[in-house]
Amino acid sequence: MLSLESITKTIQDWLFAKFTPQIALTIECVIVILLCITLFAVLGLVLVLLERKVAARIQIRLGPNRVGPGGIFQTAADTLKLIMKEGLTPDAADKFLFNLAPFVVMMVAMLLLAPIAFAKNFQIWDINIGVLYVSSISSLSVIGILMAGWASNNKYSLLGAMRSGAQIVSYELSAGFAVLTIVVLTGSLQISEIVASQENGWWLFKGHIPVIIAFVLYIIAVTAETNRAPFDLAEAESELTAGFHTEYSGMKFALFFLAEYINIFIVCAIGATLFLGGWMPLHIGHWKDFNHIMDYIPSSVWFMGKTFFLIFLIMWFRWTFPRLRVDQLLNLEWKYLLPISLFNLLLVTVIAIMGWHF
Amino acid sequence: MFLKDYISDVYNGVTSLLKGMRKTGYYFTHSKEIITEQYPDNRATLKLADRFKGEVVMPHDQNNEHTCTGCTACELACPNGTIKIITKFDITPEGKKKKAIDAFIYRLEMCTLCNLCIVACPSDAIIMAPNFEHSVFDRSKLTKVLNKPGSKIKEGIE
């Protein structure tokens with residue numbers, strides 16, 4: 001059966017047979033980089049279009065429908081426009097930081113791609129601290145945002161960046177606790193092991209109510225961490241024009257925009273991996289026949305399906321809920337999410353120790 | 001007691017959010033709810049709301065008769081001086097003089113579509129029509145005479 005696993009194996013065998021190990025490894029790295037960049041470009045185009053279509057349907061509109069059949073080339077046309085626009089740098093801006101910030105944000109998004117398992121044995125870097133790596137790198141994105149806000153020398157940008165900083169720092173906690181519940185149940189930080197532990201059922205179903213609560217908390221926390229509505233105070237249009245990227249234009253703006261959507265993809269991929277079994281097909285306990293039928297669907301399809309389901313969920317939130325105020329935002333985190341996730345973690349620990357989960 | 005309030009807070013918050021999501025989810029899955037009109041493409045089948053106010057028109061029946069008595073109530077009601085009624089005197093078959101309109105002049109460029117003239121009219125001679133394609137190349141084309149040439153007042157309207 002043709003799978004991503006066999007393709008990568010064939011390429012690797014061929015490369016190592018043809019070249020010395022060093023050169024083969026270099027070529028592999030180049031291939032991976034190219035694949036990553038391609039994935040970024042495609043994801044950016046697809047997710048922006050998806051967002052606009054979902055938004056339109058939820059608001060009883062049609063959405064983009066002029067460029068190409070059903071508007072599918074709309075985002076390609078937008079990208080073309082952004083490429084041709086002038087990338088303006090304000091006179092009073094800190095030029096170096098101003099130009100560096102979009103790349104920092106982008107680089108963080110790229111680094112996060114490393115430990116994600118896209119399909120069975122199809123992973124860039126299967127480190128043994130995968131989950132820790134993800135949570136530590138994702139908190140770096142606040143540096144890029146603060147950098148952009150500070151360097152723009154614009155009060156809206158600075159306010160947006162500061163709000164974003166406060167938000168990411170506080171919501172990191174409950175996202176971390178939600179991730180920890182799965183780590184407690186699995187006993188491993190390695191992504192491949194977490195996926196493998198869900199072979200007889202996803203954690204969402206195996207872990208009783210505490211894991212469902214953890215899943216909800218995770219979705220809320222990552223919505224806040226990616227600065228999306230209802231937690232989009234960092235770029236609240238009505239108050240701060242566009243927040244930290246007010247002064248950006250052309251391709252530099254496009255990088256921020258792209259990074260935002262890539263981050264959504266990544267947090268949803270992590271969520272799918274932790275709670276919905278990543279590339280693992282839907283298996284139910286010892287139903288051998290059922291499990292066998294489910295295995296016929298390729299693992300990459302499972303992974304993408306789950307990830308896009310979560311992405312849709314987050315888009316659904318965005319177009320349903322009104323934006324929170326800053327004090328409400330911090331109240332929600334420190335008075336509700338954090339105590340609940342602490343208590344929940346305790347419950348999960350008890351479940352894991354007593355072995356009550358399936 | 002505190003814990004009870006806390007839990008009911010969380011519960012109410014979650015349920016109200018779910019209620020909202022249910023509504024938007026319904027809209028997402030039901031494409032028949034879409035209200036967008038693809039305007040230039042569907043000009044022939046365009047449906048406008050009944051209340052849509054585009055311009056003032058005077059309806060005429062098949063005998064080219066309207067119900068305007070020329071009382072100038074609309075002219076007096078108009079805050080902008082949009083309407084100007086020029087009256088004349090018809091001679092009835094009995095030889096009496098009867099007041100009638102010569103020209104109902106309506107200046108669309110001055111009209112704010114406030115509907116006061118329609119409300120003021122005692123004989124419902126004018127209505128708001130759902131026309132919105134008003135662009136013309138010359139401003140004078142926006143000054144319209146609403147009564148059709150040769151039209152007269154309907155029998156029995158005083």
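How much area do chain A and chain B bury between them, and what part of it lies on carbon and sulfur atoms? In this predicted model, the two chains bury about 1700 Å² between them, with 68% of that area on carbon and sulfur atoms. The contact involves 18 residues of chain A and 19 residues of chain B, and Arg57(A), Ile60(A) and Leu62(A) supply 38% of the area that chain A buries against chain B, more than any other three residues.

Polar and charged pairs also cross between the chains. Eleven residue pairs, both members at pLDDT 80 or more, are in polar contact between chain A and chain B, and the count of salt bridges between them is one. Arg66(A) and Asp41(B) form a salt bridge, in which the closest N and O atoms are 3.3 Å apart.

On the side of chain A that touches chain B, the elements giving two or more residues are α2 (21-58), α14 (299-318) and α15 (326-354) of chain A, and the largest share, four residues, comes from α15(A).

Turning to chain B itself, the reader can follow an open sheet of three strands in the order β3-β4-β6, paired in the antiparallel sense. Its edge strands, each pairing on one side only, are β3 (83-91) and β6 (143-145) of chain B, and the twist from one strand to the next averages 25°. Between β3(B) and β4 (residues 97-107) of chain B, the antiparallel pairing extends over nine bridges; Phe89(B), for example, has Lys99(B) in β4(B) as its bridge partner.

Definitions and conventions: Residues numbered from 1 in each chain as written. Chains lettered and ligands numbered in written order. Predicted model: local features only at pLDDT ≥ 70, side-chain atom pairs only at ≥ 80, totals over all residues. Heavy atoms only, no water. Pairing = 2+ DSSP bridges. Axes fitted to C-alpha atoms, helices over the stretch in contact; angles between N-to-C directions. Contact = heavy atoms within 4.5 Å. Buried area = accessible area lost by both parts, 1.4 Å probe. Salt bridge = Lys/Arg side-chain N within 4 Å of Asp/Glu carboxyl O. Polar contact = N/O pair within 3.5 Å; in protein donor to acceptor, adjacent residues only side chain to side chain.
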